[in-house]
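Please look over the sequence and the model shown here before reading the report that follows. The report goes from one local detail to the whole chain and then back to single residues.

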Amino acid sequence: TPYALIKDIEANINVILHAEVMVGKTAIFPLTNDRTTAISPSDLLKLLEATGHYPMVIDLSQATDVLN
């Protein structure tokens with residue numbers, strides 16, 4: 001869950017997002033899996049940047065096609 005990045009204070013984790021996540025609201029777990037929350041792409045970027053993480057957005061659809 002992207003919310004867990006608040007615990008990565010030194011920003012050691014590199015974040016890569018599938019471009020499809022940046023299209024509309026995404027459902028994610030808020031640090032526990034007994035609830036689900038939705039977040040917009042702009043709010044997701046704000047959250048990540050507030051924790052010192054600047055994600056790389058990649059279109060992974062072609063990679064998915066190779067696996068099928």
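Which side chain is joined to that of T32 by a polar contact of 2.5 Å? The partner is D34, whose side chain meets that of T32 at this distance, where a polar contact is a pair of N or O atoms within 3.5 Å, one of which, within protein, must be able to donate a hydrogen and the other to accept it, and where residues adjacent in sequence count only if both atoms are side-chain atoms.

The model is predicted, so that local features need pLDDT of at least 70 and side-chain atom pairs count only at pLDDT 80 or more, while totals for chains, interfaces and linings use all residues. Residues are numbered from 1 along each chain as its sequence is written, and side-chain values use heavy atoms, with hydrogens and water left out.

**The chain as a whole**

The chain holds 2 helices and 4 strands, arranged along the sequence as β-β-β-α-β-α; helices (H or I, at least four residues) and strands (E, at least two) are DSSP runs, numbered from the N terminus. Its C-alpha trace spans about 35 × 25 × 20 Å along the principal axes. Of the 68 residues, 25% count as buried, a class defined by a relative accessible area under 20%, with exposed meaning over 50% and partly exposed in between (1.4 Å probe, protein chains only).

The accessible surface comes to about 5000 Å², and carbon and sulfur atoms account for 56% of that surface; such areas come from the Shrake-Rupley method with a 1.4 Å probe, and for residues only the protein chains shown count as cover. Among contacts (heavy atoms within 4.5 Å) between residues at least 6 apart in sequence, 61% join residues at least 24 apart. The chain carries 4 positive and 8 negative side chains, and the centres of the two sets lie 13 Å apart. In this count Lys and Arg are positive and Asp and Glu negative, with His and the chain ends not counted, and the place of a charge is taken as NZ of Lys, CZ of Arg, CG of Asp or CD of Glu.

**The nonpolar core and L48**

The largest nonpolar core has 9 residues, namely Y3, L5, V15, L17, I28, I39, L44, L47 and L48. Helix α1 (residues 41-50) supplies the largest share of this core, 3 residues. A nonpolar core here is a set of buried Ala, Val, Leu, Ile, Met, Phe, Trp, Tyr and Cys residues joined through side-chain atoms within 4.5 Å.

L48 lies in helix α1 and is buried, with a relative accessibility of 1%. Not counting residues up to four places away in sequence, L48 touches P2, L5, V15, L17, H53 and P55. The C-alpha atoms of L48 and E10, which are 38 residues apart along the chain, are separated by 13 Å.

**D8 and T51**

D8 belongs to the segment before β1 (16-18), whereas T51 is found in the loop between α1 and β4 (56-58). Although D8 and T51 are 43 residues apart in sequence, their C-alpha atoms are 7.7 Å apart in space. Beyond neighbours within four places in sequence, D8 is in contact with I13, T51 and H53, and T51 is in contact with L5, I6 and D8.

Polar atoms take part on both sides of this pair. A polar atom of the D8 side chain lies 2.9 Å from the backbone nitrogen of N12, and the side chain of T51 makes a polar contact of 2.7 Å with the side chain of H53.

A11 is placed in the segment before β1, while L31 lies in the loop between β2 (26-28) and β3 (37-39). T32 is found in the loop between β2 and β3 as well, and the C-alpha atoms of T32 and I13, 19 residues apart in sequence, are 19 Å apart in space.

The table gives relative accessibility for some of the residues discussed.

| Residue | Relative accessibility | Class |
|---|---|---|
| D8 | 10% | buried |
| T51 | 16% | buried |
| A11 | 28% | partly exposed |
| L31 | 45% | partly exposed |
| T32 | 42% | partly exposed |
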